[in-house]
Amino acid sequence: MVLFSKNHMLGTLDVATQTEVFKALAARAQELNVTDNPQAIVSDYLQREAEASTGFGGGIAIPHARSASILTTAVLFAKLKTPVAWAALDDKPVDTVISLLVPMGKNAEHLKLLSSLSRKLIHPEFAHVLKDGTADKVYELIISALTGE
């Protein structure tokens, strides 16, 4: 199974709430055979948000779930047509989402992915491409972040 491919990019979502974002991500995860239980993934996302917001700041969120409902590790990406309230670190709404889905028991893999992306997000040029770049540029950027190049 592929960690991230162009099929993992959802394009621009027309959603109004954080839960709708999670439902769209979970539906794509099911299409990609990353999960066979999208409702459980939505619950996992919501539970994680209840612990602490995944809103990184600058309009970007990294919602992630580690669950027995996840069959294989995957990264998903979406832009939001309208920014959504998220309780982000900077109290700003979110319009760009990178989601990590990791099977239960893969804690090291989960932390490595989260760390790789978080380190890149502190660089303004990385965030700028995520938010304003073409689909091809965003794809290349995420692949390079995941492979450490």
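1. Leucine 101, leaving aside its neighbours within four places in sequence, is in contact (heavy atoms within 4.5 Å) with Ala29, Val34, Ile41, Tyr45, Ala65, Ile70, Thr72, Thr73, Ala74 and Leu76. The model is a predicted one, in which local features need pLDDT of at least 70 and side-chain atom pairs count only at pLDDT 80 or more, while totals for chains, interfaces and linings use all residues. Residues are numbered from 1 along each chain as its sequence is written, and side-chain values use heavy atoms, with hydrogens and water left out.

2. Leu101 is also among the residues with the most contacts inside the largest nonpolar core, together with Val21, Leu25, Leu80 and Trp86, and this core has 25 residues. A nonpolar core is here a set of buried Ala, Val, Leu, Ile, Met, Phe, Trp, Tyr and Cys residues joined through side-chain atoms within 4.5 Å, where buried means under 20% relative accessible area, exposed over 50%, and partly exposed in between (1.4 Å probe, protein chains only). Two or more residues each come from strand E1 (9-13), helix H1 (18-31), helix H2 (38-51), strand E5 (74-84) and strand E6 (94-103); helices (H or I, at least four residues) and strands (E, at least two) are DSSP runs, numbered from the N terminus. A second, separate core of 20 residues includes Ile98, Leu113, Leu117 and Leu146.

3. Strand E5 is mostly covered, with eight of its 11 residues buried. Strands count as paired if DSSP finds at least two bridges between them: E5 runs parallel to E1, joined by three bridges, and pairs with E6 in the antiparallel sense over seven bridges. Lysine 79 of E5 stands opposite threonine 12, and its bridge partner in E6 is threonine 96.

4. Helix H5 (residues 135-147) has 13 residues and reaches 18 Å from its first C-alpha to its last, close to the 18 Å expected at 1.5 Å a residue, the expected span being 1.5 Å times one less than the number of residues. Its buried residues include Val138, Leu141, Ile142, Ala145 and Leu146. These cover an arc of only 130° around the axis, which puts them on the same side of H5; the arc is that of the directions from the helix axis to the C-beta atoms. Glycine 148, whose phi is positive, near 75°, follows H5.

5. Aspartate 91 has a positive phi near 60°, lies in the loop between E5 and E6, and is exposed, with a relative accessible area of 70%.
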